[in-house]
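Please walk through the covalent and charged side-chain links of this protein chain, taking each in turn and placing its partners along the fold.

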Amino acid sequence: QVQLVESGGGLVQTGGSLRLSCTASGRTFSPYVMAWFRRAPGKGRDFVAQINWSGGSTDYAVSVKGRFTLSRDSAKNTVYLQMNSLKPEDTAVYYCAARTRITVPGYDIWGQGTQVTVSS
């Protein structure tokens with residue numbers, strides 16, 4: 001069974017940078033799409049960014065476009081979320097997700113989350 005493990009979260013000042021990693025472990029991993037979501041305190045889960053695993057095309061939420069960059073290393077079964085120019089409103093638990101079944105919409109595998117805190 002595939003597991004997603006996130007890392008790289010932490011505390012950073014406004015304007016700083018962090019890089020989140022999400023690595024898949026377990027059986028052979030070949031998702032269709034990988035994505036990051038986040039949940040801020042007291043709010044729902046929001047889409048952040050996604051990447052097509054085979055082609056590498058990306059899509060971003062308007063709130064992070066131009067500041068965040070999503071990339072993948074297929075050989076390492078890992079996706080990276082480079083977050084620059086961080087703002088206090090980026091504070092949230094960030095979750096990695098994978099869509100592995102083309103016949104089922106949505107993401108079927110989720111990580112445990114990593115906390116990102118941006119101080120003002």
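Across the whole structure, a search finds one disulfide, meaning a pair of cysteine sulfur atoms within 2.5 Å. It joins cysteine 22 to cysteine 96, with an S to S distance of 2.0 Å, and it links distant parts of the chain, since cysteine 22 lies in strand E3 (residues 18–25) and cysteine 96 in strand E9 (residues 92–99), 74 residues apart. Strands (E, at least two residues) are DSSP runs, numbered from the N terminus. The torsion about the S-S bond is about -80°, so the disulfide is left-handed. Both cysteines are buried, that is, under 20% relative accessible area, where exposed means over 50% and partly exposed in between (1.4 Å probe, protein chains only).

This is a predicted model, in which local features need pLDDT of at least 70 and side-chain atom pairs count only at pLDDT 80 or more, while totals for chains, interfaces and linings use all residues. Residues are numbered from 1 along each chain as its sequence is written, and side-chain values use heavy atoms, with hydrogens and water left out.

The search also finds three salt bridges, each a side-chain nitrogen of Lys or Arg within 4 Å of a carboxyl oxygen of Asp or Glu. Aspartate 90 meets arginine 38 at 2.9 Å, N to O, and the pair links the loop between strands E8 (78–83) and E9 with strand E4 (residues 33–39), 52 residues apart. Aspartate 90 also bridges to arginine 67, at 2.7 Å between the closest N and O atoms; aspartate 90 and arginine 67 are both buried. Aspartate 108 and arginine 101 form another salt bridge, at 3.8 Å, N to O. Salt bridges that share partners join Arg38, Arg67 and Asp90 into one network.

Technical notes:
Helices (H or I, at least four residues) and strands (E, at least two) are DSSP runs, numbered from the N terminus.
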